[in-house]
Amino acid sequence: MYERLNDLVSEISGVGPKKQVALNKLGVNSIIDLLTYFPRRYDDLTVKKVSDTNDGEKITVKGKILNVPTLTRYGYKKSRLNFQIVTTNEEVISITFFNQPWLKKQIDINQEVAAYGTYDKMRNQLQGMKLISNLNNNSFDAIYPANKDIKATAIKQIVKAALDEYQEDLVDFIPSSLRSHYLLEDFNSTIKNIHFPTSPEMAQKAVRTAKFMEFFLFSMRMQLLKHQHRVKKVDSKIDINQIEIKNFIDKLPFELTESQQGVVQDILADLGSEYSMNRLLQGDVGSGKTIVATIAIWATFLANKQSVIMAPTEILAEQHANKLANLLAPLGVNIGLLTGSTKPKARKLLLPMIKSGEIDLVIGTHALFQDQVEYSDLSLVIIDEQHRFGVNQRNQLSNKGRATNVLSMTATPIPRTLAMTNYGESDVSIINELPKGRKPIKSAWIKSDKIESALRFMRKQLSKNEQVYVVTPLIEESEAMEMKNAVAIYEKLKNELGPEYKVGLLHGQMSNEEKDQIMQDYKDNLFQVLVSTTVIEVGVDVANATTMVIFDADHFGLAQLHQLRGRVGRSDKQSYCIFIADPKNEIGKKRMKIISDSSDGFYLSQKDLELRGQGDLTGLKQSGLPTFKIGDPIGDLNILTVANLEAQKIVKESNWQRTQENVQLFQYLKTTTKLVVD
Ligand code: ADP
Ligand code: MG
């Protein structure tokens with residue numbers, strides 16, 4: 001019933017090849033694309049009283065021209081058209097149009113005109129944007145995002161033509177119970193009113209419904225994808241040896257937190273089911289994700305299958321290898337480490353052992369999914385710090401096993417609903433507490449002229465036999481500059497703190513062997529202060545390091561600062577973080593206040609997104625969130641949340657596609673989505 005909405009825009013009379021190409025460039029190919037090509041804003045052309053208007057506000061005024069309009073030309077092709085009117089409210093105001101000299105011919109003294117523009121209160125002047133001929137028809141006007149190939153007004157005409165032609169096809173698809181519960185408008189009115197409203201209220205209502213629709217359809221599609229991917233794969237099911245798993249957990253040097261226990265249960269249930277696992281584990285830095293992964297590996301080993309862990313950096317892979325070897329090697333688990341810097345000789349030995357299944361657990365970087373690497377019985381794939389990998393890299397690895405279970409782990413804490421939209425295809429588990437006894441990290445922000453106090457504080461910590469990280473400025477353009485900076489700070493600290501305390505240096509231009517050696521020496525407390533660029537950002541775990549000093553902290557995003565700070569606070573000792581920054585603007589100052597006041601990753605990432613602003617699409621893109629046409633996943637989080645819940649509820653019911661209530665919804669999804677749904 002919705003097939004016609006997939007017609008190409010060229011079906012509309014007035015859309016020739018040229019306009020079609022222009023529309024395509026705006027992402028508009030089909031009729032439904034066009035009808036959901038929403039206005040960017042509305043100009044309110046209702047006439048207003050000048051005296052009620054604030055400076056800088058946009059208004060429409062109407063009245064009689066008092067003098068002969070004067071046109072002044074200046075500069076290259078520049079002009080200014082000037083005249084005064086007395087409004088219908090008996091107010092006098094002067095109006096100026098820049099660079100629209102042709103308007104001069106359209107107006108004259110004593111003529112009635114209306115103009116829309118920005119009000120300058122000081123000068124009692126309107127800077128005109130639009131001269132309006134017939135005001136009565138459209139006092140509230142939708143403005144479309146356009147480009148140089150097609151004008152906003154042309155788009156509007158095309159939308160109008162499409163609406164006339166395709167009205168009948170806009171059959172409502174939101175289940176009627178939802179529509180009445182959330183007071184939504186029907187499909188037809190929503191589309192009509194969003195493009196051609198006659199009042200702000202009308203537009204607002206339509207926008208609200210359109211947002212709901214967009215989020216709801218998005219969530220429905222995600223749910224369907226998830227079900228579609230939930231294929232039964234007999235191979236992915238493993239036998240869960242509850243007794244040996246419990247033994248392992250009981251022998252750990254600490255007790256699992258409640259969240260950790262819950263997540264372990266989720267994972268074991270996945271592994272023991274005939275569906276392959278596709279789970280995202282979110283947990284703030286230091287919440288103990290690694291041990292959860294280790295238990296999953298142990299369970300897989302007990303069922304005689306292989307596991308891999310993929311980490312984003314060699315430092316991290318190595319650290320995992322050491323940790324897991326401590327825990328698992330004594331129990332008979334054979335572990336192999338495979339990274340970019342694994343020597344050809346070692347590699348040659350390792351590959352056949354992975355292929356034969358002699359190796360039970362392979363730990364490494366993306367080198368793990370190179371073509372030559374073959375597995376014997378790969379069942380579990382763990383991706384640590386998964387936000388660091390591209391989608392392709394993630395898929396490549398899981399395709400290696402015929403029926404792999406995938407556990408992705410991330411510390412990028414985004415609110416749960418957002419996580420669901422972002423990773424809608426996965427199940428999501430969350431560790432929402434830190435291990436017992438952890439003291440919240442104490443943070444402070446100081447200006448760079450107070451650097452002496454930071455030094456004093458470092459000395460105090462060092463005298464307690466604790467270690468210190470110093471993070472040097474992030475320089476986006478050049479790793480070489482970054483290194484130079486790091487070296488300078490390293491030299492300075494060596495002078496200040498030596499010879500009593502030893503200082504080490506780590507930066508991105510070092511070879512991997514060098515980096516590993518330095519990390520190992522730092523762990524072994526061979527030196528007490530580690531000066532480093534952001535290469536230490538992810539995952540590194542040195543429990544005796546209790547203090548971090550971050551230079552030029554305002555150059556980092558909140559999420560990144562939080563990750564960095566997460567390198568300390570990894571034991572029951574009190575930890576500290578000092579941010580050194582001289583932020584130049586208000587937002588920068590705000591960020592420094594927020595980060596030094598809170599250590600809640602979820603709160604911080606929410607704030608980070610807010611500060612980046614809703615309009616900042618690159619910010620949103622970097623955050624990995626999907627982009628929507630009209631809904632704003634941050635500003636409209638409430639709508640997103642309910643739309644998502646409702647979609648989940650619907651899909652949970654068996655045979656939902658066939659119930660009377662959902663017939664249209666199902667049809668609509670089927671017709672406008674490439675999903676195979678049945
Ligand atoms: P992340 O979630 O950031 O990857 P890790 O897995 O590196 O955190 O864990 C941080 C530290 O906390 C590790 O040293 C780990 O051994 C320790 N840890 C994990 N779980 C617990 C627990 N339940 N109680 C005490 N310490 C724990
Ligand atoms: Mg980790």
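**View 1. Polar contacts of ligand 1.** A backbone N or O atom of G286 lies 2.6 Å from an oxygen atom of ligand 1. A polar side-chain atom of T290 is likewise placed 2.6 Å from an oxygen atom of the ligand, and an N or O atom in the side chain of K323 is 3.5 Å from an oxygen atom of ligand 1. A polar contact is a pair of N or O atoms within 3.5 Å; within protein, one must be able to donate a hydrogen and the other to accept it, and residues adjacent in sequence count only if both atoms are side-chain atoms. Taken alone, ligand 1 exposes 570 Å², of which the protein buries 86%; accessible areas come from the Shrake-Rupley method with a 1.4 Å probe, and for residues only the protein chains shown count as cover.

The structure is a predicted model, in which local features need pLDDT of at least 70 and side-chain atom pairs count only at pLDDT 80 or more, while totals for chains, interfaces and linings use all residues. Residues are numbered from 1 along each chain as its sequence is written, chains are lettered from A and ligands numbered from 1 in the order in which they are written, and side-chain values use heavy atoms, with hydrogens and water left out.

**View 2. The shell around ligand 1.** Around ligand 1 there are 17 residues, of which E255, G286, K289, T290 and R438 come nearest; a residue belongs to this shell if one of its heavy atoms lies within 4 Å of the ligand. The shell comprises four nonpolar, six polar and seven charged residues. In this division Ala, Val, Leu, Ile, Met, Phe, Trp, Tyr, Cys and Pro count as nonpolar, Asp, Glu, Lys and Arg as charged, and the others, Gly among them, as polar.

View 3. The buried residues are L558, L561, H562, Q563, L564 and R565. Buried means under 20% relative accessible area, exposed over 50%, and partly exposed in between (1.4 Å probe, protein chains only). Helices (H or I, at least four residues) and strands (E, at least two) are DSSP runs, numbered from the N terminus. G566 is located in the loop between α17 (558-565) and β21 (576-580) and counts as buried because its relative accessibility is 6%.

View 4. L183 occupies the loop between α4 (176-181) and α5 (187-195). Its phi is positive, about 50°, although L183 is not a glycine, and the residue counts as exposed at 65% relative accessibility. D186 caps the N-terminal end of α5, with a side-chain oxygen 3.1 Å from the backbone nitrogen of N188. Helix α5 is mostly covered, seven of its nine residues being buried; among them are F187, I191 and H195.

View 5. E90, in the loop between β4 (78-87) and β5 (92-98), has a positive phi near 65° in a residue other than glycine. E90 is exposed, with a relative accessible area of 70%. The peptide bond from G498 to P499 is cis, with omega near -5°, and P499 falls in the loop between α15 (479-497) and β18 (503-506).
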